[in-house]
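Subject: Structure handover

Hi there,

Here is the structure I promised to pass on to you. Please have it open while you read, and my notes come after it.

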2 protein chains.
Amino acid sequence: MSHDDVYPASLQCGDCPIRHRAVCARCEANELDELESVKYYRSFEAGQTVVWSGDQMDFVASVVSGIATLTQTLEDGRTQMVGLLLPSDFVGRPGRERAAYNITATTDILMCCFRRKPFEEMMDRTPHIAQRLLQMTLDELDAAREWMLLLGRKTAREKIASLLSIVARRDASIRHRGGGNSLTFDLPLTREAMADYLGLTLETVSRQISALKRDGVIALEGKRHVTVPDMERLLLEAGDDSDGGLLT
Amino acid sequence: MSHDDVYPASLQCGDCPIRHRAVCARCEANELDELESVKYYRSFEAGQTVVWSGDQMDFVASVVSGIATLTQTLEDGRTQMVGLLLPSDFVGRPGRERAAYNITATTDILMCCFRRKPFEEMMDRTPHIAQRLLQMTLDELDAAREWMLLLGRKTAREKIASLLSIVARRDASIRHRGGGNSLTFDLPLTREAMADYLGLTLETVSRQISALKRDGVIALEGKRHVTVPDMERLLLEAGDDSDGGLLT
DNA sequence: ACCAGGATTTGACCCATATCAAGCAAGGCA
DNA sequence: TGCCTTGCTTGATATGGGTCAAATCCTGGT
């Protein structure tokens with residue numbers, strides 16, 4: 001209901017901004033045509049819940065634009081973010097009827113949805129889709145494992161520094177700013193969402209951000225706009241193994 | 001070197017104990033034959049390292065028997081387990097040259113290895129393999145996410161109870177023991193490995209196990225043999241959402 | 001049976017982070 | 001214009017789990 005139904009002018013796959021990164025990345029023209037016939041768009045406003053864990057879910061989807069989060073909760077309300085959905089990320093699981101997590105739009109988002117049954121059938125016939133999905137899933141698994149290291153073993157300060165580096169890198173629409181290797185970006189998450197991401201309380205997040213600011217590791221303009229004067233320094237604070245990641 | 005080279009009498013895929021659960025689960029007879037031609041066995045003794053993170057890795061494999069762990073470390077030595085490899089689990093990643101994690105044998109293990117290149121080529125030609133691998137990877141991703149909730153939000157006591165329930169369930173070669181719904185099993189991990197699994201110190205693990213024992217949630221025989229008199233109670237202590245999992 | 005070394009338990013103490021509580025800043029709206 | 005609400009910061013205090021240290025248990029070797 002409400003505003004979910006503000007659809008964009010029907011978008012052609014050929015012009016899609018995530019054409020080369022999403023599940024459909026490897027598809028041939030004819031395969032795209034077939035996908036096109038089962039696809040439809042949905043949009044959600046910042047703050048809206050896309051699906052609740054346990055809900056029937058008869059579609060899978062790609063995030064076209066905007067940011068959403070995947071969260072799990074304990075009965076008493078403690079919640080942990082288990083995934084951050086960025087443009088081109090895949091939502092849902094083929095073969096699964098019900099959502100396993102809560103999905104919430106953090107910003108306004110647009111999703112390219114596929115009816116689940118047709119998509120599953122197509123997956124069986126179209127190796128290009130399954131191959132791409134496997135690759136994406138393996139990447140997510142790697143990300144989840146790096147995140148596990150963060151949750152299990154990093155200090156609050158390292159957690160914040162890690163999150164900031166991730167966002168900075170991702171925002172690798174790297175608009176350099178000023179001289180040197182300084183960069184700036186906007187935090188796409190509230191303090192509370194960051195806390196849920198990092199397994200902390202929002203107060204601790206706030207304190208650690210203040211501390212990093214006080215120590216000159218970052219600068220803030222408003223609450224959300226961050227400048228990193230020295231990326232090396234930030235990475236050092238994140239405590240990651242310095243031998244460079246395996247992935248570019 | 002050393003004892004890696006105690007191979008079993010060449011095992012036929014048809015008789016393989018993990019035939020119906022591993023990557024090869026969906027393969028037809030002729031596909032199995034092809035796999036058979038690039039497979040070889042390796043075994044490792046408890047405590048041995050199978051590969052170091054960063055090492056060249058020119059094979060992928062299935063765990064046939066025994067238990068191994070996947071761990072990540074920070075420069076200063078803090079380590080976090082990011083995966084527990086049980087029989088039928090897949091090791092390595094197609095398309096990746098170097099290991100991303102340390103793999104260590106916790107018990108004596110036997111692995112069914114495939115040379116990576118031929119395996120990758122075969123994957124492109126054999127949807128049955130890619131399909132099964134996708135399914136397994138999605139399952140692992142779910143497991144990783146549940147684990148993230150544990151690492152980020154559970155108390156030490158809940159963490160221990162969760163680990164015990166997982167091991168108990170897995171050991172669902174459920175040899176019921178005595179009356180009621182009590183069950184027994186052996187912990188396949190040292191206290192230190194449990195600590196690395198749970199993001200705790202080994203002392204805290206020990207204390208919480210003692211506490212659960214004191215409170216009658218579990219009983220111990222020796223250090224490793226556990227009896228759970230009341231599984232319900234243990235699950236309650238684990239703090240998991242009670243609405244039942246989605247998976248059987 | 002005796003010893004050595006690793007695994008485990010237990011105790012005392014401390015600190016990082018949670019909890020509880022108050023106050024501030026900015027935007028929406030009556 | 002001033003009130004509310006939402007998001008954020010900061011302070012005071014409590015506490016769960018970490019750290020350091022020692023004792024005990026267990027196993028294999030001799």
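This is a predicted model: local features need pLDDT of at least 70, side-chain atom pairs count only at pLDDT 80 or more; totals for chains, interfaces and linings use all residues.

**Chain A as a whole**

Chain A contains 7 helices and 11 strands. It has 248 residues, and 52% of them are buried. If you take the contacts in chain A between residues at least 6 apart in sequence, 74% of them link residues at least 24 apart.

**How the two chains meet**

In terms of contacts, 51 residues of chain B touch 52 residues of chain A. Together the two chains bury about 4500 Å², and carbon and sulfur atoms account for 56% of this. Which residues of chain B lose the most area to chain A? They are B:Arg145, B:Met148 and B:Arg153, which together make up 18% of what that side buries.

**A sheet in chain B**

Chain B has an open sheet of 4 strands in the order 2-7-4-5, paired in the antiparallel sense. The edges are taken by strand 2 (49-51) and strand 5 (79-85) of chain B; each has a single partner strand, so one side of each has no neighbour in the sheet. From one strand to the next, the twist averages 30 degrees.

Between strand 4 (residues 68-73) and strand 5 of chain B there are 6 bridges, and the pairing is antiparallel. Within this pair, B:Thr73 sits opposite B:Thr79, the latter in strand 5 of chain B. The other chain takes part here as well: helix 3 (residues 127-153) of chain A packs on the sheet and touches strand 4 and strand 5 of chain B. The direction of that helix makes about 135 degrees with the direction of strand 5 of chain B.

The loop between strand 4 and strand 5 of chain B holds B:Leu74. Is B:Leu74 buried or exposed? Its relative accessible area is 3%, under the 20% cut-off, so B:Leu74 counts as buried. Apart from neighbours within four places in sequence, B:Leu74 is in contact with A:Leu149, A:Arg153, A:Lys154 and A:Gly239.

**Two helices of chain A**

Helix 2 (residues 116-125) of chain A has A:Arg116, A:Pro118, A:Phe119, A:Glu120, A:Met122 and A:Met123 as its buried residues. Their cover includes helix 1 (29-38), strand 3 (59-65), strand 6 (90-91), strand 8 (109-115) and helix 3 of chain A, along with helix 3 (127-153) of chain B.

Helix 4 (residues 156-170) of chain A is where you will find A:Ser165. This serine is buried too, with a relative accessible area of 3%. Leaving out neighbours within four places in sequence, A:Ser165 is in contact with A:Met231, A:Leu234, A:Leu235 and A:Ala238.

Best wishes

Technical notes: Residues are numbered from 1 along each chain as its sequence is written. Chains are lettered from A and ligands numbered from 1 in the order in which they are written. Side-chain values use heavy atoms; hydrogens and water are left out. Two strands pair if DSSP finds at least two bridges between them. Axes are lines fitted to C-alpha atoms, for helices over the stretch in contact, and angles run from 0 to 180 degrees between N-to-C directions. Contact means heavy atoms within 4.5 Å. Buried means under 20% relative accessible area, exposed over 50%, partly exposed in between (1.4 Å probe, protein chains only). Buried area is the accessible area (1.4 Å probe) that two parts lose on being put together, summed over both.
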